[in-house]
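The numbered points may be read alongside the structure.

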Amino acid sequence: MAPLASPPLPYRAPAFLAAPAIRSGRPPRLLSPSRSASPLLSSGCAGCFPRAPRAPCTAARERRRDAVRTFSQTDAAGQAPLSKTLSDLKDSCWRFLRPHTIRGTALGSIALVARALIENSHLINWWLLFKAFYGLVALICGNGYIVGINQIYDVAIDKVNKPYLPIAAGDLSVESAWLLVTLFAIAGFSIVVLNFGSFITSLYCLGLFLGTIYSVPPFRLKKYPVAAFLIIAMVRGFLLNFGVYYATRAALGLTFQWSSPVAFITCFVTLFALVIAITKDLPDVEGDRKCTCFKEHASRVITIFILMPKINWSNHQHLVIKTKL
């Protein structure tokens, strides 16, 4: 006769699993095989063993490594904005200087210096190249002062006519612009005083003065067409060419004397600057219309250039044109 099978014993959870329930006073709860309360029994860590606690020295090393990694990432993230800021500042300053005026000033002065050296090739001293370089820097500084102070007082007009300029575009503040023009004036004046004579210094100061009254109230001579044309022609034409040629001959130990080629260059550039002074306002009609101080000036310029080809001068002894914009 087969022995009787003993009845199955009820399943009990291990003591370490039921310990929390026993300590809390609640009856032990049996865990099903599908739901485990311990990480050792979870499907994601099946077959894993509990990690041993880290040693204090190891934990300290890892904390230091994490701190170094965090600081490195912060520095790397901060380098990009700084380089972008410097790049934007350089671009704003370059546009503030109006590069096309710098090119004209540099080419004109280099041409006149070369002409004076060609005429007196036996007096060439290559050490004078440093002095010529100082003179070019002084001219660029003076140019930066004149075009800069003009932009400071023409912000409202430039927002319409030349919105790409740094002050009008908001890339350069008015306070920063004032700082730049002040530095340009001081640097240019200092270079001229230290390296050239009193006569060239007076010519340089005259150019700065004319550039100031051209733009700054209450003078603001750019409101008056004839005065504006004459100032531009004087500074860009006569003063630049005469001053550079005079300074070059003085550096060579020669007294000033006009030569036919230099006289022709000076007259041609002066007339060319006069034409530029007249025609440069033609694209700025929209902004000038919004500024009452320029309406009369713009109307006269546009009237001359539009109606002049249509006038029969042989039938008009006296001509009065009234144009209203």
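1. The lining of the second largest pocket draws at least two residues from each of α3 (99-119), α4 (128-153), α8 (198-215) and α9 (225-251). With 12 residues, α4 gives the most to this lining. Helices here are DSSP runs of H or I of at least four residues, numbered from the N terminus.

2. This is a predicted model, in which local features need pLDDT of at least 70, side-chain atom pairs count only at pLDDT 80 or more, and totals for chains, interfaces and linings use all residues. Residues are numbered from 1 along each chain as its sequence is written, and side-chain values use heavy atoms, with hydrogens and water left out.

3. The second largest pocket has a volume of about 830 Å³. Of its 38 lining residues, S109, G135, L136, L139 and V244 are the closest to its centre. A pocket is an open set of points on a 1 Å grid over the protein atoms alone, where a 1.4 Å probe fits, with protein on both sides within 12 Å along at least five of seven lines; lining residues have an atom within 4 Å of a point. The volume is the space filled by probe spheres set on the points, which are joined across faces, edges and corners.

4. The buried residues of α3 include S109, T105 and L112; buried means under 20% relative accessible area (1.4 Å probe, protein chains only).

5. A kink of about 40 degrees in α9 is centred on M234, the bend being the angle between axes fitted to the seven residues ending there and the seven starting there. Just after α9, G253 takes a positive phi of about 85 degrees.

Conventions. Buried means under 20% relative accessible area, exposed over 50%, partly exposed in between (1.4 Å probe, protein chains only).
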